Amino acid sequence: MQEATANHPRTPLAQIDTPAALIELPRMQRNIARMQQRMNALGVRFRPHAKTAKCPAVTDAQIAAGAQGITVSTLKEAAQFFAHGITDILYAVGTVPHKLPQVLALRRQGCDLKIITDNIAAAQAIVDFGREHGEVFEVLIEVDTDGHRSGIRPDEAALLDVGRALHAGGMRLAGVLTHAGGSYDLNTPEALTALAEQERAGCVHAAERLRAAGLPCAVVSVGSTPTALSARDLTGVTEVRAGVYVLFDLVMHNVGVCSTDDIALSVLTTVIGHQVDKGWAIVDAGWMAMSRDRGTQKQSHDYGYGQVCDVDGTVLDGYVLSGANQEHGILSLAGGSGSPDVGDIARRFPVGRQLRILPNHACATGAQYGEYRAVEGGVVVGEWSRFGGW
């Protein structure tokens, strides 16, 4: 982290072209410390998901704090982080046959790349390709513990079928993995704690079934930011994965696992005009700057395309980015009702005023940029590259 900022000139935000993606350094460091301390207390290895920031400087900070290995969502990410020097990588998306040559190439270069599957067809393809090329792939079986997305349910016969196919086929059956993505739909501590236990129990049960059938299962990997921060006991779990915690966002705020003061990512924008009769200020951050993710729309508090803050990061209560075109954002009072005094919008938000917008979804907003500005004390202290592409 020091290397990323040590020689960078301290640049006032007023000199930064907009829109720009900012990472508030003290908030990010606090988020990293909070999660790592929690994992240490629960006695599990922590493998952060790098897809949120896709940024070497951020991942370096997570590893420096105690993370062991990383999780990625694409093989392009795996290749980029491996080139950066990280070797212990889990590719946590089901592997299909046409991606196996890429997996093989990375492993042959020295990357300790692990893959996952949740079906017999893919498992058999992994076995056949591995035998053909003399490679023992390290594979985890994805388990469905909440009906959210992919995976085999812990009690399904298919779990043992896939395990036996991989093991008998000469691959290394490394363990089981699950992701409690359903936690994003919750918003009370009690519900989050209950789902965290459901996630743990289901994944541990799957591991126990494999072991009872005489199959190896060393790794029991669980994770989502809400459940990682809500779990009270992780008995039987060996590692946890979480990603968005490092920056947080408005969806996580609505879920209840962070405050707006924890959200480290924001978009710096400038007021470029007004529609006074509508109670609008127009800014130069549209959906190309914020993304089209409206993740808060179905939650208890809809923030439109983002929460408006002063340039120092102070939340301006009631004001949101209520609408967006490609390069234009519409700033107004929440609900689109306009101000009681429509002229107030121009007085409060004059042309040229800089603001920050907190994002709905940090992963999606970060994906709009090739770099981040690291900010501390209201000035830019570093420019951090972000990996792009698939």
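User: Is Leu229 buried or exposed?

Analyst: Buried means under 20% relative accessible area, exposed over 50%, and partly exposed in between (1.4 Å probe, protein chains only). Leu229 has a relative accessible area of 12%, so this residue is buried. Before we go on, note that this is a predicted model: local features need pLDDT of at least 70, side-chain atom pairs count only at pLDDT 80 or more, and totals for chains, interfaces and linings use all residues. Residues are numbered from 1 along each chain as its sequence is written, and side-chain values use heavy atoms, with hydrogens and water left out.

User: Where does Leu229 lie, and which residues does Leu229 touch?

Analyst: Helices (H or I, at least four residues) and strands (E, at least two) are DSSP runs, numbered from the N terminus. Leu229 lies in the loop between α9 (225-228) and β10 (239-240). Contact means heavy atoms within 4.5 Å. Leaving out residues up to four places away in sequence, Leu229 touches Arg34, Met35, Arg38, Phe248 and Val257.

User: How do α6 and α7 cross?

Analyst: Axes are lines fitted to C-alpha atoms, for helices over the stretch in contact, and angles run from 0 to 180 degrees between N-to-C directions. Here the axes of α6 (residues 120-133) and α7 (residues 157-168) come within 9 Å and cross at roughly 0°. Angles under 35 degrees count as roughly parallel, and α6 and α7 are therefore roughly parallel to each other. Their contact is made by Ile120, Ala123, Gln124, Ile126, Val127 and Arg131 of α6 and Asp161, Val162, Ala165, Leu166 and Ala168 of α7.

User: Which residues of α7 are buried, and what do they pack against?

Analyst: The buried residues of α7 are Leu159, Leu160, Val162, Gly163, Ala165 and Leu166. They pack against β6 (112-117), α6, β7 (138-143), β8 (172-178) and α8 (189-212). After α7 comes Gly170, with a positive phi near 90°.

User: Which residues touch the most other members of the largest nonpolar core?

Analyst: A nonpolar core is a set of buried Ala, Val, Leu, Ile, Met, Phe, Trp, Tyr and Cys residues joined through side-chain atoms within 4.5 Å. Among the 112 residues of the largest one, Met28, Ile89, Leu166 and Val176 touch the most other members. α8 supplies the largest share of this core, 7 residues. A second, separate core of 7 residues includes Leu13, Leu22, Val375 and Val380.

Definitions and conventions
Parallel < 35°, antiparallel > 145°, perpendicular 65-115°, else oblique.
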